[in-house]
Amino acid sequence: MSEKKIMLGNEAIARGAWEAGVKVSSAYPGTPSTEVSENLVKYEGVYSEWAPNEKVATEVAIGASMAGVRSMTMMKMVGLNVAGDPLFTDAYIGVGGGMVLCVADDPGIYSSQNEQDTRMIGRAAMVPVIEPADSEEARVFTKRAYELSEEYDTPIILRTTTRLAHSQGIVNIEERNEVDDKPYERNIAKNVMMPNNAIKRHVFVEERLDKMAKDANDLDLNKVEINDKKIGFITSGIPYQYVKEAMPEASVLKLGLVHPLPMDMIKKFADEVDRLIIFEELEPVIEEQVKAVGIKCEGKELFTKQGEYSANMIREKVLGEQVDVEKAAEAPARPPILCPGCPHRATFSVLKKLGIHAAGDIGCYTLGAVAPLGVVDTTVCMGSSISTLHGMEKAKGSEYIKNWVAVIGDSTFLHTGVNSLMNMTYNKATGTVIILDNSTTGMTGHQDHPATGKTLSGDEANVILLDELCRSLGVKNVVVADPFDIEKFEEIVKTEVARDEVSVIIAQSPCALLKTYVPKGKCSVDHDTCKKCGMCLKSGCPAITKNEDGTVSIDQTQCNGCGLCMSNCPFKAISLQERGV
């Protein structure tokens with residue numbers, strides 16, 4: 001009898017990968033996929049690493065697969081865009097050892113910049129897509145993905161969503177399958193994708209998908225539940241749980257393999273039910289294909305293309321019930337905000353004072369777009385801030401961007417910002433880039449990267465020195481500064497944005513949530529000296545509150561003693577009580 005444990009979906013995927021005999025894993029952290037890597041690294045027999053970006057991670061997994069071992073890479077759905085280049089070609093190459101890409105979608109856009117559907121990328125890349133519906137399936141489907149990968153000579157996408165990745169379920173724990181390494185065989189026609197070879201492999205890919213679609217009609221990942229035949233649902237993943245909750249008596253075709261689709265199975269199921277409904281989050285991927293073969297069904301005319309689904313949607317749209325959602329308790333608005341002691345707040349405070357706009361990037365510092373800081377004007381994708389600033393200059397001239405900077409985190413700079421900075425120096429730009437170096441990948445939960453000196457497993461590693469890297473790209477003006485030294489930092493910003501050549505400011509101060517971070521102490525307010533001017537409130541620190549009499553107070557449980565409020569107070573009404581004093 002196997003042991004049972006309660007696991008997050010991401011934990012279960014890591015367990016499934018280990019049980020499947022995976023030996024190499026490479027990933028870049030991206031919510032909601034991050035915990036897969038963080039759990040997989042805990043298992044013996046697996047080499048796990050953080051890569052600088054998803055493209056590199058995928059190429060590492062491809063290399064390991066070519067060498068004959070089972071490999072894995074993990075990313076969120078927008079990371080799959082970065083990995084698209086190797087993925088689309090690896091679909092032609094196939095695998096040696098099985099290879100799985102765990103890709104986490106984000107219906108509802110809880111931590112992303114868009115709501116794209118990985119199933120559509122899988123179809124475009126001609127790569128099979130498997131989707132589990134709970135933690136136990138996450139474990140089992142991961143193992144099956146490796147078997148199918150090797151059986152059909154293809155990489156496999158294991159698609160999850162935020163709800164599956166971060167919800168818990170009961171998982172059966174099994175032993176590891178020690179899979180023998182496949183012997184490496186030199187095969188130029190298969191592994192070298194020059195045009196002549198690619199033409200032939202494209203034929204193979206089409207034949208492979210046709211065969212897999214035919215075999216999928218009997219695949220154990222797809223299950224038919226015949227109950228009341230008045231209504232039948234075709235669904236997959238987490239939406240299956242909502243169907244069972246809202247209409248447990250309905251018939252269901254639950255798809256585990258969502259690309260390619262088992263059309264014979266779908267046709268047979270459609271013939272058995274009076275009314276067929278496709279219940280799938282985001283895009284009508286299944287619905288469009290079902291309708292394309294002439295099967296009458298309902299889908300997006302009932303349900304939205306946006307956000308997460310729920311059981312209440314079925315109750316309202318299918319059963320016609322008036323859903324009485326209990327009114328949420330009234331509470332004060334709590335918009336996201338930078339943490340107390342966050343060094344980004346100091347940087348943005350200076351930019352705001354100087355009236356400088358920021359082309360932004362992906363990270364905690366995107367919050368510099370909201371009040372009261374309000375200095376970040378653009379955010380597109382990882383590494384885009386530098387390229388966006390460059391585009392603005394080439395469109396309007398160097399004088400136009402004298403009151404602009406690009407802001408980018410240290411991890412994001414190493415992800416894709418390096419190439420953008422290289423482009424600026426190569427194409428004779430004049431803009432200023434501020435690298436917000438807080439010594440971690442903050443937004444996804446404080447993972448290490450090539451500039452922190454630690455690997456995913458916690459081992460000491462070579463440290464990439466950001467200032468030397470920037471100089472090696474041809475940037476002559478590189479300044480490392482503490483953003484909490486407000487007066488000095490302000491002068492540095494003024495100097496650098498006025499230059500007629502590329503400059504980089506590295507705003508270097510650790511994230512206040514790092515375990516190694518030691519607060520300077522606690523700040524407090526002398527209410528007799530306070531003039532109620534409100535200057536200390538302009539930075540938006542959540543540790544500072546305004547009292548009814550107009551004075552301010554500092555919450556000692558939140559304060560990290562960063563001193564930003566002291567620097568902003570013109571009347572010296574705020575002082576720092578240092579640690580141990």
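Predicted model: local features only at pLDDT ≥ 70, side-chain atom pairs only at ≥ 80, totals over all residues.
View 1. The side chain of Lys 254 is joined to that of Glu 137 by a polar contact of 2.8 Å. When neighbours within four places in sequence are left aside, the residues in contact with Lys 254 include Ala 133, Phe 141, Leu 221, Thr 235 and Tyr 240, and Glu 137 is also among them.

**View 2. The bend in helix 17.** Helix 17, made of residues 410–426, bends by about 70 degrees, and the bend lies at Thr 416. Several residues of helix 17 are buried, among them His 415 and Gly 417, together with others such as Phe 413, Leu 414, Val 418 and Met 424. After helix 17 comes Lys 428, which has a positive phi, near 55 degrees.

**View 3. The salt bridge between Lys 143 and Glu 174.** A search of the whole structure finds 35 salt bridges, and one of them is formed by the side chains of Lys 143 and Glu 174, at 2.8 Å from N to O. This pair links distant parts of the chain, since Lys 143 belongs to helix 7 (residues 135–152) while Glu 174 lies in the loop between strand 8 (168–173) and helix 9 (188–191), and the two are 31 residues apart. Glu 174 is partly exposed, with a relative accessible area of 34%. Both residues also take part in a network of salt bridges, in which Lys 143 and Glu 174 are linked with Arg 15, Glu 19, Glu 136 and Arg 139.

**View 4. The salt bridge between Asp 220 and Arg 144.** The side chains of Asp 220 and Arg 144 meet in a salt bridge, at 3.1 Å from N to O. Here too the pair links distant parts of the chain: Asp 220 is in the loop between helix 10 (195–215) and strand 9 (223–225), whereas Arg 144 is in helix 7, 76 residues apart. Asp 220 counts as partly exposed at 44% relative accessibility, while Arg 144, at 16%, counts as buried.

**View 5. The salt bridge between Asp 500 and Lys 402.** Asp 500 forms a salt bridge with Lys 402, and their closest N and O atoms are 3.1 Å apart. The two residues are 98 residues apart, with Asp 500 in the loop between helix 19 and strand 19 and Lys 402 in the loop between helix 16 and strand 16. Asp 500 is exposed, at 59% relative accessibility, whereas Lys 402 is buried, at 19%.

How values were computed: Residues numbered from 1 in each chain as written. Heavy atoms only, no water. Polar contact = N/O pair within 3.5 Å; in protein donor to acceptor, adjacent residues only side chain to side chain. Contact = heavy atoms within 4.5 Å. Bend = angle between axes of the 7 residues up to and from the residue. Helix = DSSP H or I, 4+ residues; strand = E, 2+ residues; numbered from the N terminus. Buried < 20%, exposed > 50% of the residue type's maximum accessible area, 1.4 Å probe, protein only. Salt bridge = Lys/Arg side-chain N within 4 Å of Asp/Glu carboxyl O.
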